[in-house]
Amino acid sequence: MSFRTRWRKFVNVFMLSLTGLCALVTVSILFFILGYLLWYGGKSLNWAFFTHLPTPVGETGGGMANAIVGSGKLLLLASLVGVPVGILGGVYLAEFGGQTFSFVVRYTTDLLNGVPSIVMGIFAYTIIVLPMHHFSALAGGLALGVMMIPIAVRTTEESLRSVPGTLREGALALGTSKWKTVATVVMPAAMRGIVTGVMLTLARVAGETAPLLFTAFSNRFWSSGWNQPIASLPVMIYTYAIAPYDDWHRQAWAAGLVLLALVLVANIGARLLVSRGISFGKA
Amino acid sequence: MVKTTEESRSTARAPATTPAWPSDLKMRATGLDFYYGGRQALYSIGLQILTGRITALIGPSGCGKTTFLRILNRMYETVPHARPEGEVFLDGEDIFSLDVVGLRRRVGMVFQKPNPFPKSIFDNIAYGLRVNGMDRHSTLAEAVERSLRRAALWEEVKDQLHKSAYALSGGQQQRLCIARALAVEPEALLLDEPCSALDPIATAKIEELLFNLKDLCTMVIVTHNMQQAARVADYTGFFLMGRLIEFNKTAVIFKTPARKETEDYITGRFG
Ligand SMILES: Nc1ncnc2c1ncn2[C@@H]1O[C@H](COP(=O)(O)OP(=O)(O)OP(=O)(O)O)[C@@H](O)[C@H]1O
Ligand SMILES: [Mg+2]
């Protein structure tokens, strides 16, 4: 074997091993995190965690019932903002957009996606918290909702584009208006992708902490209504993890596990809901 | 007083529809050009489509058959920068000034590849009726059965109406698409190579059902299959490079064509 051949073979094997190694690292990081969460979080998880309020400093026990409900409320608010705007925006891009305006919208969406979450927080802080003079679930929900929009728009657009044009023509040729065609044929056919996209964005914002710190803030008690500071799992994790008490650290792990489980359950549930999979014909 | 206004109004309305529109004429194109952006695809087409007859359009690939067909129900509007020039009439009305949704309800279309919706067989057929605001189940069920019978598909699917349309074979799917188009009771039906993806048996079934539909609606069919045109069509038009070369009774086109290009094409010496 000439030197060149041997060198080529070496490079080949080396690069193959390197890519394999990096793939392995990716996978092991995930399992490492999962294992850690399950081990530490699982140990500290008990029924009280789901049903009790946090205890004052010094007392052990208690739970994060208010933060679990709080995260739920914040995500609901966020969805009310992010899902309709995101989906309808995506529909516009895929079905109705002209060339120039669509380009602008698409570009802006990508930029919006890149805006750091803390900046989103300042934004919500300035336009809601400052005028109202107090932190509120509303402000937190809005900050998270705005963060949902870009991914919801782009995944909706992609899913709609993957629906064959022949289906649209089939509906249009029956004397169906453009909007009805989109609403009754194209969107149902793309529903799987759209729901997956929405779940992705929800999962993403469910863990956001920075924008909540100065919008929803936190609350050691139940918050009544939407107009008060509200507890949420990510902010609780943050507060508890940096506190100097072992008991709080354990609770932070438990909260992390619950947050991950909630996201996973929501994700799997939504997928099952739309799993009567739609494929596009034979012929 | 009221009577006089009524009368004067009806006399005033009369000239709006062309007075001399023959009752046996369904559609007519005159001086029809068509452009995809800057590129001209059709040149001065003039053609008459007779009521209750089957008109076939033949010609080599790329000669503009599909383009012409998609003008008749204004489906070309889905293509950006596509633009017709000239006139097309449906029962004496200019199709370009009609409401496009209403026009497509009257002039249905069946595509080359079967394109059932990802819904049940029943919902596929009922679709056109539902978007037209009909939602009484008994009426829908009747209409679905009637349309499936007309498309010669009823016997094969009557026990599985709530199964996905994708579970059907290609030939069945195409008959489903025909049934779906028939459900809204169009006056005319445009078919763009409806059998090109089908085997000879499925093709024969569709040809037979087209023949039986003649009393119900006027049909225009694009086909690459000479025998098919000869078998089903009453009239045949031969297109070549965006021009309508010859148009006549099918028997005349196939036995004694007036133009040499037509003869070359149908005897297979060409494209
Ligand atoms: N969407 C389009 N944009 C630009 N040009 C087009 C478009 N569709 C068709 N054309 C052009 O118009 C001409 C006529 O095409 P058309 O599809 O009407 O032919 P056809 O007779 O139906 O051919 P075939 O038998 O292959 O279906 C062709 O030259 C084609 O390239
Ligand atoms: Mg064609």
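Good morning. Helix α2 of chain B, residues 65-72, contributes the most to the shell around ligand 1, with 3 residues. Helices here are DSSP runs of H or I with at least four residues, strands are runs of E with at least two, and both are numbered from the N terminus. The model is predicted, so local features need pLDDT of at least 70 and side-chain atom pairs count only at pLDDT 80 or more, while totals for chains, interfaces and linings use all residues. Residues are numbered from 1 along each chain as its sequence is written, and chains are lettered from A and ligands numbered from 1 in the order in which they are written.

Let me stay with the ligand. Among the residues surrounding ligand 1 are B:Y36, B:A41, B:K65, B:T66 and B:T67; a residue is counted here if its C-beta atom, placed from the backbone, lies within 6 Å of the molecule. The shell divides into 4 nonpolar, 6 polar and 1 charged. Ala, Val, Leu, Ile, Met, Phe, Trp, Tyr, Cys and Pro count as nonpolar, Asp, Glu, Lys and Arg as charged, and the others, Gly among them, as polar.

I turn to the sheets of chain B. One open sheet of 4 strands has the order β2-β1-β4-β5, with antiparallel pairing. Strands β2 (39-50) and β5 (93-94) of chain B stand at its edges with a single partner strand each, so one side of each has no neighbour in the sheet. Two strands pair if DSSP finds at least two bridges between them. β1(B) and β2(B) are joined by 8 bridges, with B:I45 as the bridge partner of B:L32. In their hairpin, which has 2 residues between the strands, B:G37 takes a positive phi near 60°. On β4(B), B:R83 is the bridge partner of B:Y35.

β9(B) runs parallel to β3 (54-58) of chain B, joined by 4 bridges, and pairs in the antiparallel sense with β10 (243-249) of chain B over 6 bridges.

Next, the two chains together. 25 residues of chain B are in contact with 18 residues of chain A; contact requires C-beta atoms, placed from the backbone, within 7 Å. On the chain B side, α3(B) gives the most, with 4 residues, and the residues of this side divide into 14 nonpolar, 8 polar and 3 charged. In chain A, the buried residues of helix α7 (165-172) are A:R168, A:G170, A:A171 and A:L172, and their cover includes α8 (178-206) of chain A together with α3 of chain B.

Finally, chain A itself. Its domain assignment gives domain 1 (3-44) and domain 2 (47-275), with bounds from an automatic or database assignment. Their centres, taken over C-alpha atoms, are separated by 31 Å, and 6 residues of domain 1 are in contact with 7 residues of domain 2. Thank you.

Conventions: Two residues are in contact if their C-beta atoms, placed from the backbone, lie within 7 Å. A residue is buried if 20 or more other C-beta atoms lie within 10 Å of its own, exposed if 12 or fewer, and partly exposed in between; C-beta atoms are placed from the backbone.
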